[in-house]
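The exercises below are meant to be worked through with the sequence and the model side by side. Try each task before reading its solution.

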Amino acid sequence: MASIKCKEIKKKARQISVIKFEDMDVEVENKSGLEMIGKGRQGAVFKINDQLCMKIYGEIEDCEREYYALSLGKNTPLLPKVHCKGENFVVMDMVYGVDLREYLQVNPLTKELSYKLIEMLLVFKEIGYERIDHHKRQIYLQHDGSLKVIDVGRTVWRNRTYPYPRKLLMSLGEDYKAVFLSHVKEAAPELYNEWEHYMQMEEISRQLFDKISSEKSIDSKSLGEKTTNLLTTNDTAKHYAQLENLVRKVVKEEKNRELEKQNEMEDQKKKAKQNEMKAQMKKAKKEEKNRESEKKNEMKAQKKKAKK
Ligand SMILES: Nc1ncnc2c1ncn2[C@@H]1O[C@H](COP(=O)(O)OP(=O)(O)OP(=O)(O)O)[C@@H](O)[C@H]1O
Ligand SMILES: [Mg+2]
């Protein structure tokens, strides 16, 4: 971590309170004198100096998560470097440039920019992000033409991820989405086909959902009445027959399990016996061999004696 005084920054962090709410930006009380440069649903960001800023999180888990995600990318220029970490804050590089939401309001989505976005997805995958997807407002075009990404907490520890960059595509809007996809199709047709496939599946499920929802609501009363046909206990004879079948089935299953266990044990016993026999035969052969070589030695010794 850089030579900034993390202890002093910690003191500043203590003078700022950030509280998280459901579905809205955090609320901030700032007595540190640091300038707040932005906030979102998870945290607020304060400028420390021209190079560094501090993101303070409303929840410790969000801090841990984004810190972990930033650490995964610490060797790529795509993400701001981390310089200090506290329980509820992370100090990182200031990111300059223009975010793609603003940039694309006045500029076209060129092939070059699309390729940079594909490269970005590749880096996400390479560093181990579970969700290789990002909203255009979290992607910054730097003065040197490279991309930088902020707010990466949601890329890790996810149990719901999408197999294609859904958020990025949606954030581009219909026109730019089509332009971006045409660039992907040209450069990486196989990838394009895969994304198309997922988008089609999504469209079909949307249509199915609409269809199911528009079906006139099911009359639960008449359905309930109809289900009497599925009941089995009304007719005593049938009920006992079914019960008997059920018990038989369970007993059969248990017997089979028992049989399997016995077979396994017998197999093991057989194997042990075979091994034992093999060992005995080996031993007998060895003894026989020893006896023979002893005999040979004895005969040699006798011959020597006779010669003398
Ligand atoms: N490293 C940075 N350099 C400069 N500005 C930054 C940096 N990180 C964040 N910001 C600013 O602070 C704002 C809020 O940051 P960020 O998006 O990370 O917060 P968040 O609460 O996680 O947002 P979200 O609600 O989208 O999860 C950003 O929109 C941006 O303007
Ligand atoms: Mg966030």
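**Exercise 1: Two helix pairs**

Helix α4 (residues 111–127) and α5 pack with their axes 9 Å apart and at an angle of about 75 degrees. Before going on, note that this is a predicted model, in which local features need pLDDT of at least 70, side-chain atom pairs count only at pLDDT 80 or more, and totals for chains, interfaces and linings use all residues. Residues are numbered from 1 along each chain as its sequence is written, while chains are lettered from A and ligands numbered from 1 in the order in which they are written.

Task: describe how α5 packs against α4 and against α6.

Solution. Step one is to settle the terms. Helices (H or I, at least four residues) and strands (E, at least two) are DSSP runs, numbered from the N terminus. Axes are lines fitted to C-alpha atoms, for helices over the stretch in contact, and angles run from 0 to 180 degrees between N-to-C directions. Angles under 35 degrees count as roughly parallel, over 145 as roughly antiparallel, 65 to 115 as roughly perpendicular and the rest as oblique.

In their contact, Lys111, Ser114, Tyr115 and Ile118 of α4 meet Phe180, His183, Val184 and Ala187 of α5, where two residues are in contact if their C-beta atoms, placed from the backbone, lie within 7 Å. Sorted by class, the contact of α4 with α5 has five nonpolar, two polar and one charged residues; here Ala, Val, Leu, Ile, Met, Phe, Trp, Tyr, Cys and Pro count as nonpolar, Asp, Glu, Lys and Arg as charged, and the others, Gly among them, as polar.

Step three turns to the other pair, in which the axes of helix α5 (residues 166–187) and helix α6 (residues 189–214) come within 5 Å and cross at roughly 135 degrees. That makes α5 oblique to α6. On the α5 side the contact involves Leu181, Val184 and Lys185, which meet Pro189, Leu191, Tyr192 and Trp195 in α6. The residues of the contact of α5 with α6 divide into six nonpolar, no polar and one charged.

**Exercise 2: Buried or exposed?**

Task: decide whether Ala69, Asp151, Trp157 and Lys7 are buried, partly exposed or exposed.

Solution. Step one is the rule: a residue is buried if 20 or more other C-beta atoms lie within 10 Å of its own, exposed if 12 or fewer, and partly exposed in between, with C-beta atoms placed from the backbone.

Step two takes Ala69, which lies in helix α2 (residues 60–72) and is buried, because 23 other C-beta atoms are within 10 Å. Apart from neighbours within four places in sequence, Ala69 is in contact with Tyr129, Val152, Gly153, Thr155 and Val156.

Step three visits the loop between β10 (147–149) and α5, where Asp151 lies. Asp151 counts as buried, because it has 20 C-beta neighbours inside 10 Å, and its phi is near 60 degrees, a positive value in a residue other than glycine. Trp157, placed in the loop between β10 and α5, has a phi near 55 degrees, likewise a positive value in a residue other than glycine, but counts as partly exposed with 13 C-beta neighbours inside 10 Å.

Step four ends with Lys7, found in helix α1 (residues 6–14), which is exposed, with 9 other C-beta atoms within 10 Å. Lys7 and Cys84 are 77 residues apart in sequence, and their C-alpha atoms are 9.2 Å apart in space.
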